[in-house]
Amino acid sequence: MEFEVFIRTHGEELLRLSYTYVKNKEMAEDIVQDVLLKAYEQREHFRGNASYRTYLYRMTINRSYDYLRSWSYKNTILTNKIQQIFQGTKSAEQQVLEQNENRLLGNAVLELPIKYREIIILYYYKELKIDEIAHLLSISDNTVKTRLRRGREKLRDQLKGGEWHDEFSNETSN
């Protein structure tokens, strides 16, 4: 029962994070299952050097990287798309238009090289601050800022002046 609460508390967020790395729903589920089981079994050994959320993110990112380096990944064709997560109470037409825009943006983010993709996802989707991302990825704040800027530039180039152009070109780093 306690493990089920643990899974409900952390599972969905970690699944979305892992999916952004591996782009495969089934593999993301396997990764998160491994991470949650390991974290639950070792919860008494958590040192508290960072927040528990950051600890789980780090474990998920590391496990996702392990998969990306694995032989099975190199032989897998990635075809799944990012699923629409949040839906408001908008008209059907507005929802379809918004889903299309989100799908375009999501696909553009997934096309970025991993070093830019992870920064964009952690900053915009997970709403982490620059220093939190730097700590999580064990890189400097300036590296995070540079990758964020370059990732925005690549997105702007991919989306070619669309509705998202201004959002990514005028954003300032924190």
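Q: Which residues of helix α7 are buried?
A: This is a predicted model. In helix α7, residues 130–137, the buried ones are Ile130, Ile133, Ala134, Leu136 and Leu137.

Q: How wide an arc do they cover around the axis?
A: An arc of only 165°. So they sit on the same side of α7.

Q: And glutamate 132, where is that?
A: Glutamate 132 is in helix α7 too. Its relative accessibility is 36%, so it counts as partly exposed. The cut-offs are under 20% for buried and over 50% for exposed.

Q: How far is glutamate 132 from alanine 50, in sequence and in space?
A: They are 82 residues apart in sequence. C-alpha to C-alpha, the distance is 9.6 Å.

Q: What happens just after α7?
A: Serine 138 takes a positive phi there, about 55°. Serine 138 is a residue other than glycine. Its place is the loop between α7 and α8, and α8 spans 141–159.

Q: Is serine 138 buried or exposed?
A: Exposed, because its relative accessibility is 66%.

Q: What about glutamate 127, what is its phi?
A: Positive, about 55°, although glutamate 127 is not a glycine. Glutamate 127 is in the loop between α6 and α7. At 66% relative accessibility, glutamate 127 therefore counts as exposed.

Q: Let's zoom out. How many helices and strands does the chain have?
A: The protein chain has 9 helices and 0 strands. From the N terminus on, the order reads α-α-α-α-α-α-α-α-α.

Q: What share of the chain is buried?
A: Buried residues make up 34% of the 174 residues.

Q: And what share of the contacts joins residues at least 24 apart?
A: 66%, counting contacts between residues at least 6 apart in sequence.

Q: On to packing. At what angle do α2 and α3 pack?
A: At about 135°, with the axes 10 Å apart. Helix α2 covers residues 25–41. That angle makes α2 oblique to α3.

Q: Which handedness does that crossing have?
A: Right-handed, as α2 passes α3.

Q: Which residues meet there?
A: From α2, they are Met27, Ile31, Asp34, Val35, Lys38 and Ala39. From α3, they are Tyr52, Leu56, Met59, Thr60, Arg63, Ser64 and Tyr67.

Q: How do they divide into nonpolar, polar and charged?
A: The contact of α2 with α3 has 8 nonpolar, 2 polar and 3 charged residues.

Q: Now α3 and α6. How do their axes cross?
A: At roughly 155°, and the axes come within 14 Å. Helix α3 runs over residues 52–69, and α6 over residues 114–125.

Q: Why is that roughly antiparallel?
A: Because the crossing angle is over 145 degrees, α3 counts as roughly antiparallel to α6.

Q: What is the handedness, and which residues make the contact?
A: The crossing of α3 and α6 is right-handed. Tyr57, Ile61, Tyr65 and Leu68 of α3 make the contact with Ile114, Glu118 and Leu122 of α6.

Q: How far is its C-alpha from that of glycine 151?
A: The C-alpha atoms of isoleucine 114 and glycine 151 are separated by 9.8 Å. Along the chain, the two are 37 residues apart.

Q: Last one, serine 18. Where does it lie?
A: Serine 18 lies in helix α1, residues 2–22.

Q: Buried or exposed, serine 18?
A: Buried, because serine 18 has 0% relative accessibility.

Q: Which residues does serine 18 touch?
A: Ala28, Ile31, Val32, Thr60 and Ser64, not counting residues up to four places away in sequence.

Methods. Residues are numbered from 1 along each chain as its sequence is written. This is a predicted model: local features need pLDDT of at least 70, side-chain atom pairs count only at pLDDT 80 or more; totals for chains, interfaces and linings use all residues. Side-chain values use heavy atoms; hydrogens and water are left out. Axes are lines fitted to C-alpha atoms, for helices over the stretch in contact, and angles run from 0 to 180 degrees between N-to-C directions. Helices (H or I, at least four residues) and strands (E, at least two) are DSSP runs, numbered from the N terminus. Angles under 35 degrees count as roughly parallel, over 145 as roughly antiparallel, 65 to 115 as roughly perpendicular and the rest as oblique. A crossing is left-handed if the near helix is turned anticlockwise from the far one by less than a right angle, and right-handed if clockwise. Contact means heavy atoms within 4.5 Å. Buried means under 20% relative accessible area, exposed over 50%, partly exposed in between (1.4 Å probe, protein chains only). The arc is that of the directions from the helix axis to the C-beta atoms. Ala, Val, Leu, Ile, Met, Phe, Trp, Tyr, Cys and Pro count as nonpolar, Asp, Glu, Lys and Arg as charged, and the others, Gly among them, as polar.
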